[in-house]
Amino acid sequence: MKIKYLFLGLCLISSGLFGQKTYQNNWESIDSRPVPTWFEDAKFGIFIHWGLYSVPAYSPTGRDKVGVYDRYAEWYWRRWQEPNKTQSFFTNFHNKAFGPNVKYPDFVNYFKAEMFQPDEWAQLFENAGAKYVVLTSKHHEGFTLWPSKQSWNWNAMDVGPHRDLLGDLTKSVKNKNIKMGYYYSLLEWYNPLYKKETLNEYIDQHMFPQMKDLVNTYHPDLVWTDGEWDYTSDKLRSTEFLSWLYNDSPVKNSVVVNDRWGKETRSKHGGFYTTEYDLVHDGDANGLDFGKPWEECRGIAGSFGYNRNENLEDYSSSEQLVHMLINKVARGGNLLLNIGPTADGRIPVIMQQRLTDIGTWLKVNGEGIYGTRKWAKAPKVLPTTKQYFTQKGNDLYLITTEFPTAALQVAGVKKPVSVTLVGSNVAVKSTFKNGVLSIAPPAVTPGNSPCQYAWVVKLAGVL
């Protein structure tokens, strides 16, 4: 009898050990892993670009008639140092602000983060309704915000703030039960090993040890790579890292990754797909339908890193940002909205205000956003779209970005159990005839409107 139970126990242990799929070092296997559900449920995240580029905090803007990718202040070092169509902007600014003898590494002396209060940041993110945060652990400049052994004397603990900025923020964010992830640049502009002839040395001696240290030490919920455009994913050995991440890392079951793993991988390989200012590389992503979970990332204005050259007209309004979130979610995506802190560790007040306004709207209308999915029968989203749809279970949410002045028509649904205006006790009248639901505009006034910017009508039991 004891032998029988021992055999049964060994079988149970064996099934537990081998029950999880092992992911192989190839894209077919890696791409077969589902994106963990928490990511699709989250819908809204905060991106943070913070580094030595936050010291000069400068780039030309849309007012200077430059392209989307030319407005990024975090590209200061490269744009200033190497010939390109915007170099004169950076050269003129640098000479005026710092003088020609100041080099980019000298900015570390001014990157002090002396005003950084991670608990206050985390409270702001919670108030904004964000469900995850992605911090730049290392941008293309190579400077890390954690004490990386692979970036000796070029990290926030050894120099500058003399503080584990990433670790401190991670603790505060996770204390709010918000997911925490890290942006990581696969490239480094001026790392001597980052070139074709020594790429494997760069990967073995620098990139892989650094990425694994980040994962093993801080247990990220999300690994958000970038800087993948110089080499194909086989040269970067991306599936080698991902098979380790999915099979052997401490976050193997829960971690989410994006699609930036080689110059050929966006919208093709990895985890969720990414767009950036509504672009995939140089292609317009506004009309795209994605077969996988996806995410739009962008700044509140035109830059990711803080840009002192931006003014009010460069910033999206709170209304525009709420409409942007609705657009992405109705199309099955997430919005990762960026903030650029200052070198001394403050989140600019205009960014705080925009995030707070989004959070105020989400406090009322979050049930039509969080945990929802794209409605398969929804009309195609166009630039002129004012009515959007999301679904959750058997319920449908109609989100209108203009308060209706005429009846709203919804076809392809069953007779509703109820029709309500989310966040309001005002009765909503509706009729159902020949498979079409007609919803009268709610009798809402400025005094009893539940929110600004957009209104959500819940159609219970129509699916």
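In the predicted model, K131 lies over the face of Y370, at 4.6 Å from the ring centre, a charge being taken to sit over a ring if NZ of Lys or CZ of Arg is within 6 Å of the ring centre and within 35 degrees of the ring normal. The charged end of R33 likewise sits over the ring of Y246, 4.0 Å from its centre. The structure is a predicted model, in which local features need pLDDT of at least 70 and side-chain atom pairs count only at pLDDT 80 or more, whereas totals for chains, interfaces and linings use all residues. Residues are numbered from 1 along each chain as its sequence is written, and side-chain values use heavy atoms, with hydrogens and water left out.

The structure holds 44 aromatic pairs, where rings of Phe, Tyr and Trp (its six-membered ring) pair if their centres lie within 6.5 Å, and planes under 30 degrees apart count as stacked, over 60 as edge-to-face and the rest as tilted. One of these pairs joins F39 and Y132, whose ring centres are 5.6 Å apart and whose planes meet at 55°, so the pair is tilted. F39 belongs to helix α3 (residues 37–42) and Y132 to strand β2, 93 residues apart, and the pair thus links distant parts of the chain; both residues are buried, that is, under 20% relative accessible area with a 1.4 Å probe and protein chains only, as against over 50% for exposed and values in between for partly exposed. The rings of F47 and W224 are also tilted, because their centres lie 4.9 Å apart and their planes stand at 50°. With F47 in strand β1 (residues 44–48) and W224 in strand β4, this pair ties together parts that are 177 residues apart in sequence, and both F47 and W224 are buried.

Helices (H or I, at least four residues) and strands (E, at least two) are DSSP runs, numbered from the N terminus. Helix α8 (residues 199–218) has 20 residues and should span 28 Å at 1.5 Å a residue, which agrees with the 26 Å between its end C-alpha atoms, the expected span being 1.5 Å times one less than the number of residues. Buried residues of α8 include L199, Y202, H206 and M207, and just after the helix H219 takes a positive phi of about 50°.

Five strands form an open sheet in the order β11-β12-β13-β18-β15, with antiparallel pairing, two strands being paired if DSSP finds at least two bridges between them. Five bridges join β13 (residues 395–400) to β18 (residues 455–460), and L398 stands opposite V457 in β18.
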